[in-house]
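Trainee: I would like a close look at a single part of this model, please. Pick one place and take me through it step by step.

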Amino acid sequence: MKLSIIGLFAGLLLAIAIAIGGFGAFLGALVLGVIGLAAGAHLDGDIDLTSILRGRRE
């Protein structure tokens, strides 16, 4: 599936969240979307989250 189609679906879902639940639901959906994007990018190998998740252990 093309990224533009995925972006379209994400935008429509955010629009539904704000229409039904108001601004708080919009912010919640946005935060969850960013978390999902980061997890997907990590699984694809685009970004490395292990340093963030591991902390400052020396």
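Mentor: Let's start with Phe23 and Phe26, which are separated by about one helical turn because they are three residues apart in helix α2. Helices here are DSSP runs of H or I with at least four residues, strands are runs of E with at least two, and both are numbered from the N terminus. In general, an α-helix has 3.6 residues a turn, so residues three or four places apart point the same way.

Before we go on, a word on the source: this is a predicted model, in which local features need pLDDT of at least 70 and side-chain atom pairs count only at pLDDT 80 or more, while totals for chains, interfaces and linings use all residues. Residues are numbered from 1 along each chain as its sequence is written, and side-chain values use heavy atoms, with hydrogens and water left out.

Back to the rings. A search of the whole structure finds one aromatic pair. The ring centres of Phe23 and Phe26 are 6.0 Å apart and their planes meet at 35°, so the pair is tilted. To pair, rings of Phe, Tyr or Trp (its six-membered ring) need centres within 6.5 Å; planes under 30 degrees apart are stacked, over 60 edge-to-face, and the rest tilted.

How exposed are the two partners? Phe23 counts as exposed at 55% relative accessibility, and Phe26 as partly exposed at 22%. The classes are buried under 20% relative accessible area, exposed over 50% and partly exposed in between, with a 1.4 Å probe and protein chains only.

Phe23 also belongs to a nonpolar surface patch with Ile18, Leu27, Leu30 and Val34, with about 440 Å² of accessible area together. Helix α2, residues 23-44, gives the most to this patch, with four residues. Patch residues have over 30% relative accessible area and no salt bridge; nonpolar side chains (Val, Leu, Ile, Met, Phe, Trp, Tyr) are joined within 5 Å and like charges within 9 Å. A salt bridge puts a side-chain nitrogen of Lys or Arg within 4 Å of a carboxyl oxygen of Asp or Glu. Areas are Shrake-Rupley values with a 1.4 Å probe, and for residues only the protein chains shown count as cover.

Now follow the helix to its end. Just after α2, Gly45 has a positive phi of about 90°. Ile47 lies in the loop between α2 and α3 (50-54). Beyond neighbours within four places in sequence, Ile47 is in contact (heavy atoms within 4.5 Å) with Ala38, Ala41 and His42.
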